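Subject: A structure for you, with notes

Hello,

Here is the structure I promised to hand over. Please open it first, and then read the notes below it.

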Amino acid sequence: MDEKKISPVYRVIKWLVWLFYPKIEVVGEENLPQEEAVIVGNHTQMNGPIACELYCPGKHYTWCAGQMMHLKEVPAYAYQDFWSRKPKGVRWFYKLLSYLIAPLSVCIFNNADTIGVYHDTRILSTFKTTVARLQEGARVVIFPEHDVPHNHILCEFQDKFIDIAKLYYKRTKKELAFVPLYIAPALRKMYLGKPIRFCAANPMEEERRRICEYLMKEITEIACSLPEHRVVPYNNIPKREYPTNLSKEETHEKTGG
């Protein structure tokens, strides 16, 4: 693959983020397979992409919303995804902000090691690019949560990303590993759990369910095993509403007791 030319503006932005964003320690690196793999984590709003861009081990590419890579598509997506739940009285400000950040977004997401994800016919390019990066020996980082509650740690995972493994198996005859990742900004750490491997012999629907359930369970268990801390949720809600990882009621829900 040709070396990508990186914008000097992006280099400055990345350096500033590295300088001011809290340093993140990686725990459990021994759980990463030596070969290419997919790392699947909790989004933690912008913390997940930032922490992984700066500190994820080895060569890696992160799935990102493709709309954030296109100037005309940024404002509508950014407002809906980040700020649509803000109080009505200040929404005008965030609508304006969604336009102001558009050039910055395009610069960042097109220069970082990202793979654009789309929910239309362009999804085919997402999958082809992902498999190509894996075949080059890189890892791919995915944050598959969407706005459906699962427990106090996670929202439900959208499961179609598992289909990467089917295409990858077709191309390579290798069964891809998926590695759970829990990011805890409050602890300044990211935790890698034990991987699960795709089984090409199983029906695809079964594999989507099996792998997603394992990943959500492992991420939840990692989170609940740690010292008490505030969990940064998927949704952009006020910090005072953030749950803790050791809430008695929520831990009961997590274990299904």
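**A strand pair**

Strand 6 (residues 145-149) and strand 7 (residues 155-157) run antiparallel and are joined by two bridges. Strands here are DSSP runs of E with at least two residues, helices are runs of H or I with at least four residues, and both are numbered from the N terminus. Two strands pair if DSSP finds at least two bridges between them.

**How to read the values**

This is a predicted model, in which local features need pLDDT of at least 70 and side-chain atom pairs count only at pLDDT 80 or more, while totals for chains, interfaces and linings use all residues. Residues are numbered from 1 along each chain as its sequence is written, and side-chain values use heavy atoms, with hydrogens and water left out.

**Helix 5 and its cover**

Helix 5 spans residues 102-111, and its buried residues are Ala102, Ser105, Cys107, Phe109 and Asn111. Buried means under 20% relative accessible area, exposed means over 50%, and partly exposed is in between (1.4 Å probe, protein chains only). The cover over these buried residues includes helix 1 (8-20), strand 3 (60-65), helix 3 (74-83), helix 4 (91-100) and strand 4 (114-117).

**Asn47**

Asn47 belongs to helix 2 (residues 47-55). With a relative accessible area of 17%, Asn47 is buried. Its side chain comes to 2.9 Å from the backbone oxygen of Thr44. Leaving aside residues up to four places away in sequence, Asn47 touches Tyr21, Pro185 and Val232; contact means heavy atoms within 4.5 Å.

**A nonpolar patch**

Val12, Trp15, Leu16, Trp18, Leu19 and Phe20 make a nonpolar surface patch of about 630 Å². Patches take residues with over 30% relative accessible area and no salt bridge, joining like charges within 9 Å and nonpolar side chains (Val, Leu, Ile, Met, Phe, Trp, Tyr) within 5 Å. The areas come from the Shrake-Rupley method with a 1.4 Å probe, and for residues only the protein chains shown count as cover. Trp18 sits in helix 1 and is partly exposed, at 38% relative accessibility.

**Salt bridges**

A salt bridge is a side-chain nitrogen of Lys or Arg within 4 Å of a carboxyl oxygen of Asp or Glu. By this rule there are twelve salt bridges. Here are some of them.

- Arg197 pairs with Glu35, with the closest N and O atoms 3.0 Å apart. This pair links distant parts of the chain, 162 residues apart: Arg197 is in strand 10 (residues 196-197), and Glu35 is in the loop between strand 1 (25-27) and strand 2 (38-41). Arg197 is partly exposed at 39%, and Glu35 is partly exposed at 30%.
- Lys59 pairs with Asp113, with the closest N and O atoms 3.1 Å apart. These two also link distant parts of the chain, 54 residues apart, with Lys59 in the loop between helix 2 and strand 3 and Asp113 in the loop between helix 5 and strand 4. Lys59 is partly exposed, at 46% relative accessibility.
- Asp159 pairs with Lys160, with the closest N and O atoms 3.6 Å apart. Asp159 is partly exposed at 22%, and Lys160 is partly exposed at 49%.
- Glu73, Asp120 and Arg122 are joined in a network of salt bridges.

How values were computed:
A polar contact is a pair of N or O atoms within 3.5 Å; within protein, one must be able to donate a hydrogen and the other to accept it, and residues adjacent in sequence count only if both atoms are side-chain atoms.
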